[in-house]
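Reader: Hi! Could you walk me through this one?
Author: Happy to, here it comes.

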Amino acid sequence: MIENNDSADAETDADNERARERSRYRNLLYVLVPIALFTVLRLPALIHQPGMQDEQWFAVPGLTVWQEGIPRIPYVPTRRRETLFENADVCLMALPPGLFYVQAPFFAVFPAGYATARIPLFLGALVAIVLTFRTTRLLSRRVVASEEQRRSEFAIPAIVAGVAATSIAVSRPLLFTGLTTRPDLLCILCGWVAILILWKRLSLDRLKDSFLIGCVCGLGALFHPFALVFCIQVGVAGLFGAGTWKRRILHVLSMAGGTVAVLLLWLPLILAFPHEFRSQFFANVLDRAGPGLPSRLLWPLPALRHHAGLLWEFLGPAQCALLAIGLILGSFTLWRTRRDRIAIGYIALVWSSVYLTATVAGLHPTKGYWMYPFMWIIVLLVVSTWHGAAWLAGTGSSIRRRELMFSAISLFLLMALIPGSGLRTTWLYITHWHDDRYHGPSFIDGVLNELPHTGVFYADLSYVFDVYLSGRETRLCQEREQYWGDEEIDYAYLILSWEGEDAGWAEQYDGKWVRRIGSRETDQSCFVDLYQPAAPDRPNE
């Protein structure tokens, strides 16, 4: 009898192990599919696109770090503080340097160019997909009171996390933050990781975990001051968490210590270039945010109105609607279906992320910060969609029936994410893979082969990095008066693409049009207009 019981127990254990193994494979599939989808959709753009907004500032410093150890922009030798980049050719201090030191090893392996500078952000996007899956699984977990309940701890199936990860993979926020050379996404990744560590470990009441959370926050601050958002969140969570007041204060101090310890890594660069730090960082970060942070926290309406407009441009109507639905209806649904500490904490996390993103960023024009609350809201929306599907399927319905209902609703969710997701861009790049007209690096190489090496070349953001890499003396073409004042400018060629054409910089630089190479037929087509200095005795043609 004992032997029969032992045999039955062994078979049960084997069945449980096989079930766990199938679950692991299923979870892996739900992560790999959105990762593969993002790679297929975005890799062509990473390879083919010329420089995009802000990449003229944040691509080349990673190369100079690899070559010299100092982040700088060699082609911006301006001495005017109002540009935000005074002495940027000496050292770039407009933002913390974390991104540039992450970029540097990639320049050691891959050819220098915009594509290589984007690799850390592309890899960060893949990590974002994994973290979205993980966050959804954590939100699916219920607080249980007994071991029997623990066996069905994940009341929500893994397909829900798969849909959340897929939604992030095709979304516009990850399209831009994962392909544009800016530090926003790497900073935001640190915030997500810090919150997830807090979620998992703070209840263990270990100060070393609080210090670890602080170190992750400090790493985020080394990428971008936006880290203040999640620093405030983890600080408040630690201060109002479980335990005595003395213990909670110790946790907050431990977090602060970890943050400061990592931020001190920037100190040697600040001490070496104090003027550049005061000029660039204060002008770019503090002066542009608008009224002081305390006043924005107390009266957030101007900041919220400002960011509402930015979000409309960033997300488009469909994804803005999803964001609003996820925030409001998702919070209500989660509150109605489960009022445990996880649900309450997550709702507080989502709403505080929206509030702090707007108030901390202030009147700054950058839109990529909204990737931070966007992920939390998408997870909330998808989990709430599951609860709605379960309600529609009927009380007592099978998991299979609920999954089918959820899949049908999720199709509409994913369809709403398709407009503006870059499918046309991907299709053009794939179908014109060997066509220089759609491949920025090859296109500009062909242009430069027709131009001399001597003289100064002014180029806008699309190709300034490429011109610099060609070995020519290069300057970034920007507003002439703002960047160069009334000093006389001598140059061999202006090389202007869409930014220069739209801004009318040829007229500011007294340029005479020579010819256009390429076409502006589509947004993905490569083109430049070449200008030379106009003869002083005759007007521009």
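Reader: Let's start with helix 18: what should its 23 residues span, and what do its ends say?
Author: This is a predicted model. Helix 18 covers residues 371-393, and at 1.5 Å a residue its 23 residues should span 33 Å. The C-alpha atoms at its ends are 33 Å apart, so the expectation and the model agree.

Reader: What follows helix 18?
Author: Gly 394 does, and its phi is positive, near 105°.

Reader: Zooming out, how many helices and strands does the chain have?
Author: There are 25 helices and 5 strands in the chain.

Reader: What share of the residues count as buried?
Author: Of the 541 residues, 54% do. As for the surface, the chain exposes about 24,600 Å², with carbon and sulfur atoms supplying 62% of that.

Reader: Switching to contacts, what share comes from residues 24 or more positions apart?
Author: Such residues account for 72% of the chain's contacts with a separation of 6 or more.

Reader: Last one: how far apart are the mean positions of the positive and negative charges?
Author: They are 11 Å apart, with 48 positive and 48 negative charges in the chain.

Technical notes: Residues numbered from 1 in each chain as written. Predicted model: local features only at pLDDT ≥ 70, side-chain atom pairs only at ≥ 80, totals over all residues. Heavy atoms only, no water. Helix = DSSP H or I, 4+ residues; strand = E, 2+ residues; numbered from the N terminus. Buried < 20%, exposed > 50% of the residue type's maximum accessible area, 1.4 Å probe, protein only. Contact = heavy atoms within 4.5 Å. Areas by Shrake-Rupley, 256 points an atom, 1.4 Å probe, with all protein chains shown as cover. Lys, Arg positive; Asp, Glu negative; His and termini not counted. Charge placed at Lys NZ, Arg CZ, Asp CG, Glu CD. Expected span 1.5 Å × (residues − 1).
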